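Subject: Model handover and notes

Hello,

Here is the structure you will be working with. Please keep it open while you read; my notes come after it.

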Amino acid sequence: MRKVLVTGLGGAGRTTVAAATALAEAGPGRRVLLLSAADPGDILGAPVTGEDAPVTGRDASVTGGPDRIAEGLWAARVDAGAGFRAEFLALQERAAAGLDLLGTARLTEEELTELPGSDQFALLRALAAAGNGDWDLIVLDLPPVRETIALLALPEQLRRYLRRLLPPERQAARALRPVLAQLAGVPMPARMLYETASRWDAELAAVETLIASPDTVLHLVAEPGPAAARALAAARPGLALHGLRVTALIANRVLPRHSADTWLAALAAQQEKTLQEWQGEWTGPGRVREIPHLGRDPRGPDDLAALLAARDQDHPDQVPDPGAEQPGDTPRRVEDRRAEDGTLVWTLPLPGAEKKDLGLVRRGDELLLRVGPFRRIVPLPSALRRCTVSGAALADGELRVRFTPDPGLWPRTP
């Protein structure tokens with residue numbers, strides 16, 4: 001099952017591009033699902049009411065069941081409020097015994113309104129639920145790129161928090177808790193707490209697996225111009241830091257290159273300059289794809305089909321394979337240089353990063369990395385855990401961290 005995650009800059013037409021992508025992939029014998037936090041019905045030219053029959057993989061975050069829009073295409077709106085209410089009520093039900101002992105009055109569904117940030121959780125839960133369905137392709141319309149980076153990094157971060165706060169090995173002592181509580185006179189953690197943490201960890205692991213899958217690709221949508229170029233340049237190191245592989249940069253609303261109108265020609269020239277810069281920065285065939293400006297807001301299947309038809313006509317031989325490794329995608333690697341200078345070098349790709357924005361701290365078996373506003377805690381490969389950090393350098397879009405083997409931990413050779 002392929003997944004296309006669509007993000008980009010605010011106001012650049014992300015939902016329109018996501019809808020057009022889904023429609024282009026649909027057809028006889030196909031099952032394509034479009035998920036969006038916005039209501040995609042206006043763009044698709046068909047109402048998304050949630051009245052169709054549920055399908056495999058339905059989640060409470062999705063309003064009703066996905067609606068059939070066209071042959072092979074279904075669409076659903078992700079409702080953060082519905083997902084939050086369902087999860088809260090389920091948690092309240094599991095804690096019923098404890099709440100009754102405390103005399104707590106339970107909340108009803110009508111009283112609940114979603115909390116800030118619940119829309120991000122709803123998108124992840126909807127993606128995980130849809131991943132259990134029998135879809136050929138899932139297109140997920142995501143928030144702006146800065147929010148998307150934080151959103152897609154969330155499963156890894158939350159799993160780490162859960163392991164630190166509620167270590168799984170402590171669950172082995174569950175049977176002894178009543179005895180320990182009597183001896184110590186201190187109540188032990190409730191079983192429900194660990195059961196809930198275990199369930200959350202399993203759900204987060206499923207989403208993390210979906211995001212990291214080679215069948216999952218990320219498309220960036222931006223309207224070419226100086227402001228967009230600066231925003232993408234600032235976001236690019238964050239994407240690389242979290243291992244998010246961008247398969248295509250969609251340049252949306254590209255103006256005609258030749259116009260008798262002086263004002264329009266100036267804007268087109270500005271766009272052209274940005275497009276040339278992007279072609280150099282986002283290397284690889286098909287990485288930068290152009291979608292023309294229709295002179296109006298696209299509405300309905302005909303407009304959406306026209307957008308991608310024009311895109312593919314511009315570069316018919318450069319349509320990227322979403323599952324293929326793209327030029328410039330450099331994976332992390334450890335290079336053994338003990339014979340040359342006694343070190344091991346860990347290379348992490350960080351295209352677009354600048355030295356002044358970097359921060360690096362070793363803590364135990366983890367490396368705390370900071371690139372501007374983006375942060376990530378990365379576990380060290382097993383060989384490097386027996387080494388000390390001896391230096392780091394940033395060059396050609398790669399961070400090279402040098403490690404020196406610790407004689408007290410490194411195995412001796414005859």
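Below are the notes on sheets, cores and aromatic rings.

Some ground rules. This is a predicted model, where local features need pLDDT of at least 70, side-chain atom pairs count only at pLDDT 80 or more, and totals for chains, interfaces and linings use all residues. Residues are numbered from 1 along each chain as its sequence is written, and side-chain values use heavy atoms, with hydrogens and water left out.

**Overview**

The chain has 12 helices and 15 strands. Both are DSSP runs, numbered from the N terminus: helices are H or I with at least four residues, strands are E with at least two. Of the 414 residues, 43% are buried. Buried means under 20% relative accessible area, exposed means over 50%, and partly exposed lies in between (1.4 Å probe, protein chains only). Take the contacts between residues at least 6 apart in sequence: 67% of them join residues at least 24 apart. Contact means heavy atoms within 4.5 Å.

Two strands pair if DSSP finds at least two bridges between them. Axes here are lines fitted to C-alpha atoms, for helices over the stretch in contact, and angles run from 0 to 180 degrees between N-to-C directions.

S11 and S12 (residues 366-371) run antiparallel and are joined by 6 bridges. Leu360 has Leu369 in S12 as its bridge partner.

**The four-stranded sheet**

Another open sheet has 4 strands, ordered S9-S10-S15-S14, and its pairing is antiparallel. Its edges are S9 (333-337) and S14; each has a single partner strand, so one side of each is left without a neighbour in the sheet. Neighbouring strands are turned by 25 degrees against each other on average, direction ignored. S9 and S10 (residues 343-349) are antiparallel, with 5 bridges. Asp336 has Leu344 in S10 as its bridge partner.

Leu394 is in S14 (residues 387-395). Leu394 counts as partly exposed, at 25% relative accessibility. Pro349 is 45 residues from Leu394 in sequence, and their C-alpha atoms are 9.5 Å apart.

**A parallel pair and the cores**

S6 (residues 216-222) and S7 run parallel, joined by 5 bridges. Ala222 stands opposite Ala251 in S7. In S7 (residues 246-254), 8 of the 9 residues are buried, so this strand is largely enclosed by the rest of the structure.

The largest nonpolar core has 91 residues; Leu35, Leu239, Trp278 and Trp282 touch the most other members. A second, separate core has 5 residues, including Leu162, Leu166, Tyr194 and Leu204. A nonpolar core is a set of buried Ala, Val, Leu, Ile, Met, Phe, Trp, Tyr and Cys residues joined through side-chain atoms within 4.5 Å. Not counting residues up to four places away in sequence, Trp278 touches residues including Ala222, Ala251, Leu232 and Val288.

**Rings and charges**

The structure holds 1 aromatic pair. Trp74 and Trp135 form it, edge-to-face, at 5.7 Å centre to centre with 65 degrees between the planes. Rings of Phe, Tyr and Trp (its six-membered ring) pair if their centres lie within 6.5 Å; planes under 30 degrees apart are stacked, over 60 edge-to-face, and the rest tilted. Trp74 is in S4 (residues 73-77) and Trp135 in the loop between H5 (118-130) and S5 (137-141), 61 residues apart. Trp74 is buried at 14% relative accessible area, and Trp135 is buried at 4%.

Arg68 lies over the face of Trp74, 6.0 Å from the ring centre. The charged end of Arg236 sits over the ring of Trp282, 4.5 Å from its centre. The criterion is NZ of Lys or CZ of Arg within 6 Å of the ring centre and within 35 degrees of the ring normal.

Best regards
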